[in-house]
Amino acid sequence: MTVHSVSDVTRYIKSMFEGEAILSDILIRGELSNFKRYPSGHCYFTLKDAAASMKCVMFNGYARNLRFTPENGMQVIVGGNISVYERDGAYQLYATSINVEGAGMLALAFEQLKEKLRAEGLFDEAHKKPLPRFPKRIGIVTSEAGAVLRDIYKVSKRRWNGVRLVLHPVLVQGTEAAGQIAAAIRFFNEKYPVDVLIVGRGGGSAEDLWAFNEEPVVRAIYASRIPVISAVGHETDTTLADFAADRRAATPSQAAEFAVPDGAEIARQIAGLSTRLDTARKRHLVQAQMRLQTLHEHPWRRNPKLLLARYMQRTDRMTQRLLDAADRRRSDLRHRLELALRRLELLNPVQLLYRGFSIVEKDGKTVSRAKELSPGDAVCITFADGKVSAVVADGAKEAQHGA
């Protein structure tokens with residue numbers, strides 16, 4: 001009996017797996033578990049049911065095409081081929097696709113990315129930019145084929161013929177569409193500024209509209225310095241681009257209505273304002289004429305002095321009040337002066353002499369007490385009518401008081 005190496009046997013078993021057509025392109029239903037994505041982009045997980053489990057790997061080339069984030073516990077259908085991993089001697093599924101069973105992969109991918117971007121603030125109302133009132137140039141990001149461009153052109157030119165439309169043609173569905181749409185938005189922001197952007201396409205299935213749910217497109221809209229109007233599908237269609245855009249239009253035609261003012265409506269507004277201005281001008285003129293007529297008929301026109309009469313009377317009253325106040329002040333001061341003179345008169349020593357008193361002086365100094373004099377002292381006595389000299393004969397005697 002021939003003896004074989006482990007490698008020989010493993011390679012033989014691997015060739016058996018690879019030789020089975022059913023295992024080279026197979027779909028397997030099961031529950032995801034132990035899912036892990038490595039920095040390389042490769043994904044490793046286990047697919048299991050109630051009775052068995054299977055190791056699986058999805059390399060980066062396939063994993064980057066996933067439209068949702070696989071999570072443990074999901075019921076999925078995995079496509080790929082089964083082979084043997086020689087190093088471990090174990091068979092495993094080399095996955096090329098993963099689809100969610102039940103609610104649908106696109107719906108799940110939509111909700112997952114929606115919640116992720118909402119948490120980052122990409123849909124916040126505070127980030128929304130107002131649309132310009134009178135844009136001169138409008139950038140359009142859509143397919144150059146189809147009715148979308150024609151509808152936007154027709155509506156825009158009908159509403160405001162002077163507006164300039166600039167098309168950046170892109171694919172609007174397929175694997176390359178999202179990258180082209182995001183690049184077109186960046187092109188207008190970085191190289192060809194316009195006043196507003198319309199990004200969109202016509203209606204279609206969820207798969208057809210999926211490019212406008214791709215993360216690069218949503219982030220490009222959010223980062224745009226130019227206001228963006230999303231116009232994807234029909235009224236009932238909603239994409240993540242609608243949430244990130246500054247304004248969502250139900251249809252491309254409505255997007256053109258949002259972006260371009262209605263010239264006819266503006267003309268009507270101008271006509272209305274002109275009428276109101278003319279009416280106000282006429283009313284103001286009539287009022288001015290009435291005021292002029294009133295002034296013309298006023299009595300002071302015939303006698304201009306009447307204009308000054310009130311002020312002259314007021315001046316007279318104020319003058320008289322000033323004169324009266326001056327007179328009162330003068331009388332008060334005169335009365336105060338007379339009182340002061342009377343008090344001074346009462347204090348005048350000469351008046352005392354006329355009342356019979358006299359002033360005795362010794363050596364030029366007034367003598368106010370008898371004890372200040374001695375017999376023989378020479379004194380000067382001042383009376384009301386003159387002065388006399390005298391000599392003290394007796395000494396001072398104490399004044400006698402009756403009992």
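At 35% relative accessibility, D327 counts as partly exposed. Keep in mind that this is a predicted model. D327 has a partner: a salt bridge links D327 to R330, with the closest N and O atoms 2.0 Å apart. R330 is also partly exposed, at 45%. Both D327 and R330 sit in helix 11, residues 306–346, three residues apart, or about one turn of the helix.

Stay on helix 11. R336 and D332 both lie there, four residues apart, again about one turn. R336 forms a salt bridge with D332, and the closest N and O atoms are 3.9 Å apart. R336 is partly exposed at 49%, and D332 is partly exposed at 35%. There is also a network: salt bridges with shared partners join K116, E120, E215 and R219.

How many salt bridges does the count come to? The count is 13.

Next pair: D242 and R248. Their closest N and O atoms are 3.4 Å apart, and they form a salt bridge. D242 is buried, because its relative accessible area of 8% is under 20%. R248 is partly exposed, at 30%.

Now the helices. Helix 5, residues 147–159, and helix 9, residues 252–259, have axes that come within 8 Å and cross at roughly 30 degrees. The crossing is right-handed. On helix 5, the contact uses V148, D151, I152, V155, S156 and R159. On helix 9, P252, S253, A256 and E257 take part. By class, that contact has five nonpolar, two polar and three charged residues.

Technical notes
Residues are numbered from 1 along each chain as its sequence is written. This is a predicted model: local features need pLDDT of at least 70, side-chain atom pairs count only at pLDDT 80 or more; totals for chains, interfaces and linings use all residues. Side-chain values use heavy atoms; hydrogens and water are left out. Axes are lines fitted to C-alpha atoms, for helices over the stretch in contact, and angles run from 0 to 180 degrees between N-to-C directions. Helices (H or I, at least four residues) and strands (E, at least two) are DSSP runs, numbered from the N terminus. A crossing is left-handed if the near helix is turned anticlockwise from the far one by less than a right angle, and right-handed if clockwise. Contact means heavy atoms within 4.5 Å. Ala, Val, Leu, Ile, Met, Phe, Trp, Tyr, Cys and Pro count as nonpolar, Asp, Glu, Lys and Arg as charged, and the others, Gly among them, as polar. A salt bridge is a side-chain nitrogen of Lys or Arg within 4 Å of a carboxyl oxygen of Asp or Glu. Buried means under 20% relative accessible area, exposed over 50%, partly exposed in between (1.4 Å probe, protein chains only).
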